[in-house]
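Subject: Structure for you to look at

Hello,

Here is the structure we talked about, with the sequence alongside. My notes on it follow below.

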Amino acid sequence: MISEKILLVDDDPTFQTITRSLLTDNNYEVEIADSAERAEEKLRQREFDLVLTDLVMAGKNGLAFLNFVKSWAPQTPVVMITGFASVNSAVEAMKAGAEDYLTKPCSSDELLLKIQRVLEKKKNYQELSRLRAELAEKYTFGNLIGKSANLQSIFKLIPRVAETDAAVLIQGETGTGKELVAKAIHYNSPRKDKPFISINCAALTESLLESELFGHERGAFTGAIKQKLGRFELAHQGTLFLDEVADIPLSTQAKLLRVLQEKEFERVGGTETIKVDIRVISATNKNLLDAIRAGAFREDLFYRLNVMPIVLAPLRSRVEDIPLLAQHFIEKYAARFRKTVTGLTSPALEILMRYHWPGNVRELENVMERAVIICNDASLTPDCLVYLDQEKEVGLLKEAFQKQLSEAELIRLYARMVFYEQGGNKKETCKILGINFRTLQSRLQD
């Protein structure tokens, strides 16, 4: 267990000895400085988790030393201790950046509890900072993988959209990465430190959707045993992501329109008007203009949501992104499952490039995750891709026979067709084709 390092700054030898003994007995590593000047030297030489300093000392006093700590090591918390306590000195120290304050004489329990609370607060702050940095890195638009013209245009658009509060409508088939784009916008915006709240509008009934969006009061309906905050309240000052927005019932669409216009609403069963400051990003895999013509979607709501449209192309129309995406997922799952897979063979890539990907990027990620689990070599081979939509794959291979291919190409394609029809069973494939294992392996990899 790594001991937390405390710098004790005090010119009283008795207090130094007693406090060092107490802290050492409680698994803290302690260094002592008998003046602010010597403490500054120690801070320049190494990092400390906490500084415990007297306020009144010969030479530079504790407040002057505190100012040095805040400039040299601003993330290091400082706890002030003095035998000349006053409300004024406490307030002055806290204003100058001290984390907390103790007076002499203080009990051992009081001192240990104060140190524990300050260090715990520091750990929580560091963890929060780490998570925020991790989220920001994860959802930077540079981590949307692809070199296609469609993605390049989105890369250019995201920073422009992110700096505004304009409503965004992301359109694209299921699995194209609509939520990833929404998060990229949020985490590159001035609201990045505020909540990103999402809701799948297609997954809930009309009554449940209203309760989830707007919240409800206790007793609003059967089963409402306590007040519930809705997604609009939870997203205050942040971003609300409405996924599958085309599936919102017309009656709820009217209430949603009011929130977008007035920035206010009432909880279900309530009368209090609640004001919110949010940014709305919505997404759909349906054609909202068709829904408007069919009377299933309000035209005025469409224009409120569609201030900045973003269209994600399906993976089959941006096949140049497949190699980059596949490699990204290989590295991701090789690290997760501690596998030595580093890439994929040309025949395996051919299959990925030829496949139609009805599930888009989400399906590709699923296939690559399974392939990494199955693969025992440094590179993924066609053998590892047996969980693709085999019926569709076989159909594509059969269509190839209608093209002007060489005899060798037809032989290889026929071998692959049989291989997929047999679910990746090499023994059965060899038996049907009347060839040995080595020949089959050659035809699958050529």
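The side chains of Glu31 and Arg46 form a salt bridge, with 2.5 Å from N to O; the term stands for a side-chain nitrogen of Lys or Arg within 4 Å of a carboxyl oxygen of Asp or Glu. Glu31 belongs to strand β2 and Arg46 to the loop between α2 and β3, 15 residues apart, and the pair links distant parts of the chain. Helices (H or I, at least four residues) and strands (E, at least two) are DSSP runs, numbered from the N terminus.

Please keep in mind that this is a predicted model, in which local features need pLDDT of at least 70 and side-chain atom pairs count only at pLDDT 80 or more, while totals for chains, interfaces and linings use all residues. Residues are numbered from 1 along each chain as its sequence is written, and side-chain values use heavy atoms, with hydrogens and water left out.

Salt bridges

Glu29, Glu31, Lys42 and Arg46 are linked in a network of salt bridges. Arg46 is partly exposed, with a relative accessible area of 27%; buried means under 20% relative accessible area, exposed over 50%, and partly exposed in between (1.4 Å probe, protein chains only).

Asp49 forms a salt bridge with Lys122, and their closest N and O atoms are 3.7 Å apart. Asp49 is in the loop between α2 and β3 and Lys122 is in helix α5 (residues 108–138), so this pair ties together parts 73 residues apart in sequence. Lys122 has 14% relative accessibility and therefore counts as buried.

Arg316 and Glu173 also meet through their side chains in a salt bridge (2.4 Å, N to O). Because Arg316 lies in the loop between β12 and α13 (322–337) and Glu173 in the loop between β6 and α7, the pair ties together parts that are 143 residues apart in sequence. Arg316 is partly exposed at 43% relative accessible area, and Glu173 is partly exposed at 28%. In the whole structure, a search finds 31 salt bridges.

Helix α2

Which residues of helix α2 (residues 36–45) are buried? They are Ala36, Ala39, Glu40 and Leu43. Seen down the axis of α2, these buried residues fall within an arc of 105 degrees, so they line one face of the helix; the arc is that of the directions from the helix axis to the C-beta atoms. Among the elements that cover them are β1 (4–9), β2 (28–33), β3 (50–54) and α3 (62–72), where contact means heavy atoms within 4.5 Å.

The sheet

Five strands form an open, parallel sheet in the order β7-β8-β11-β6-β12; two strands pair if DSSP finds at least two bridges between them. At the edges are β7 and β12 (308–311), each of which pairs on one side only. Strands β8 (residues 239–243) and β11 (residues 279–284) pair in the parallel sense over four bridges, and Thr239 stands opposite Arg279 in β11.

Arg191

Arg191 sits in the loop between α7 (178–186) and β7 (196–200). With 8% relative accessibility, Arg191 counts as buried. Beyond its neighbours within four places in sequence, Arg191 is in contact with residues including Asp165, His186, Thr239, Asp277 and Arg279. A polar atom of the Arg191 side chain lies 3.1 Å from the backbone oxygen of Gln237.

Regards

Technical notes:
A polar contact is a pair of N or O atoms within 3.5 Å; within protein, one must be able to donate a hydrogen and the other to accept it, and residues adjacent in sequence count only if both atoms are side-chain atoms.
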